[in-house]
Amino acid sequence: MTIKTNVPALEIELKDLANLFGQHNEIEIDHQESKNTTILHDKFVVENNGQEKVFEFSYQLDPNLSDLEQKSLRKKMLKNHLYQMLNKELKMSLPWGSLTGIRPTKLVRDMIEKGQIKEYLAAEALEKMFFVSEPKAKLVANILKNQKCIIRNDNLIDIYVNIPICPTRCVYCSFISHKLSALGDEKVEKYLDCLEKELAAVKQIIADKAYIVRTIYVGGGTPSVLSESQLERLLKMLTFSVDEFTVECGRADTITEEKLDILKKFGVTRLSINPQTFCQATLKRIGRPVSTAQVLKAYSMALEKGFVVNMDMIAGLPQEKFATFKKSLATLLELYPHNITIHTLSLKRAADLKWQSESLSDKDVEKMVDYSYKVLSENGYKPYYLYRQKNQLKGLENVGYFRDEHVCIFNIDSMEETNTIIGIGAGAMSKRVFNIERRIERQHNHKFIEDYCQNIDKIIEEKKNFYK
Ligand SMILES: C[S@@+](CC[C@H](N)C(=O)[O-])C[C@H]1O[C@@H](n2cnc3c(N)ncnc32)[C@H](O)[C@@H]1O
Ligand code: SF4
């Protein structure tokens with residue numbers, strides 16, 4: 001199928017939406033700028049199996065809207081038109097309707113805060129305005145209710161430290177991370193030197209701006225791959241008194257009792273120990289040599305030491321049937337961690353095309369995601385944050401659940417973009433949130449460790465300017 005449109009500025013978003021209707025569609029966008037500035041005429045030409053259909057529509061520009069508001073309104077209308085057209089042509093609907101963005105909960109929060117919709121009508125608004133399915137719309141409304149810890153205050157900030165290093169590389173992984181053996185110990189030490197330098201500058205920024213650090217999140221990668229002494233060196237730098245301090249220890253085979261003691265000594269409150277699946281055959285297939293026994297041992301040590309624990313699982317791993325996923329989820333529920341995050345597999349384009357055929361049908365993945373929501377709710381878990389990534393099967397989502405009062409504030413802040421985040425290390429993103437003006441500025445550090453270390457002085461200067 002080929003789709004042509006005269007709206008080049010929105011090409012990527014329109015392509016993303018069209019792609020969700022079938023990963024194998026060939027989509028071509030034809031650039032023909034619209035000349036009229038008061039009434040816009042937009043057009044899609046759809047060619048399907050040799051048959052061409054033209055969809056045309058026009059609308060009047062509202063002179064009371066800013067350029068940005070006008071652009072966003074036009075984007076919404078175009079995507080809705082494209083969605084309705086593909087929905088009719090292909091007799092297929094999508095769980096998230098015409099929404100392609102990664103933060104549906106933020107979208108709704110903004111509409112509520114701007115007075116465009118009432119909170120109690122949030123689900124209805126999503127269904128009507130974006131053709132979102134009823135269960136997903138209700139999920140968003142439910143999540144908003146569970147995000148009461150949000151404090152919009154420009155001085156209240158979070159710190160993120162990135163350790164993009166892993167013992168080995170999982171085949172499906174969509175994050176930039178270095179294999180420890182390829183990096184070598186010397187470069188790890190050099191990386192810690194640079195983190196130390198960046199953190200010294202960040203401490204000065206925090207003092208100058210009178211920022212209050214609410215949470216720290218050390219992610220990656222696998223921060224727990226660092227040796228005991230390296231971990232201690234890193235944590236000694238993070239001397240802020242915070243409400244919540246998370247360190248990702250995703251691969252259970254990197255966790256030792258000594259490391260947990262060090263984490264405890266330096267005030268860490270929350271860990272992530274991620275099984276992804278409890279099926280050993282799948283773990284072998286995805287290049288993640290961690291046994292269930294290792295997960296159980298690490299988890300029980302973490303509980304003994306009083307950490308709040310999150311566990312990640314992925315729906316749609318290659319060759320996993322619904323029954324396999326269901327069994328893994330049952331095991332996870334027996335462990336009863338404080339947080340559970342259910343991810344939907346996201347495919348890394350070209351390299352992963354072969355995975356697509358090995359993966360389950362979209363319908364099965366939807367069943368896994370729906371089932372996890374149902375069974376987790378039945379077992380006392382509530383959803384508290386949600387995000388979508390590019391190329392996730394069927395455009396599905398990642399959802400974080402909590403039991404009792406154990407929400408992760410950092411996860412909410414970073415997905416809802418309500419607070420400033422200072423990102424430290426290779427690949428870390430910094431965000432400056434201006435709550436009154438409703439404006440966000442972003443800044444990225446160099447992605448790879450070597451580049452980051454080579455440019456550390458420049459990075460620090462840029463960071464100082466960014467937070468001026
Ligand atoms: C940034 S990773 C870090 C976690 C840690 N290194 C680990 O693997 O346990 C966070 C989570 O993203 C998820 N993830 C990574 N690649 C993914 C992909 N291609 N599709 C869906 N989820 C993915 C995994 O569940 C992983 O635990
Ligand atoms: S351990 Fe985590 S970050 Fe590292 S390669 Fe595997 S999924 Fe990616």
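Predicted model: local features only at pLDDT ≥ 70, side-chain atom pairs only at ≥ 80, totals over all residues.
The pairing of α8 with α9 has another geometry to look at. Helix α8 (residues 228-237) packs on α9 with the axes 10 Å apart and an angle of about 10° between them. Since angles under 35 degrees count as roughly parallel, that label therefore applies to α8 and α9. From α8, the contact draws on Glu228, Leu231, Glu232 and Leu235, while α9 puts in Glu258, Lys259 and Ile262. Here the tally is 3 nonpolar and 4 charged residues, with no polar ones.

α9 turns up again in the surroundings of helix α11, as one of the elements that the buried residues of α11 pack against. α11 itself covers residues 292-304, 13 residues in total, and runs 18 Å from its first C-alpha to its last. That is close to the 18 Å expected at 1.5 Å a residue. Which residues of α11 are buried? They are Val295, Ala298, Tyr299 and Ala302. Looking down the axis of α11, these buried residues fall within an arc of 100°, so they line one face of the helix. Turned away from that buried side is a face with the exposed residues Ala293, Ser300 and Glu304. Besides α9 (257-265), the packing partners of the buried residues are β9 (270-272), β10 (308-315) and α12 (322-335). After α11 comes glycine 306, with a positive phi near 85°.

Then there is helix α15 (residues 409-416), which is mostly covered, with 8 of its 8 residues buried. The buried set in α15 takes in Ile409, Phe410, Ile412 and Met415, together with Asn411, Asp413, Ser414 and Glu416.

How values were computed. Residues numbered from 1 in each chain as written. Chains lettered and ligands numbered in written order. Helix = DSSP H or I, 4+ residues; strand = E, 2+ residues; numbered from the N terminus. Expected span 1.5 Å × (residues − 1). Buried ≥ 20, exposed ≤ 12 C-beta atoms within 10 Å, placed from the backbone. Arc of directions from axis to C-beta. Contact = placed C-beta atoms within 7 Å. Axes fitted to C-alpha atoms, helices over the stretch in contact; angles between N-to-C directions. Parallel < 35°, antiparallel > 145°, perpendicular 65-115°, else oblique. Nonpolar A, V, L, I, M, F, W, Y, C, P; charged D, E, K, R; others polar.
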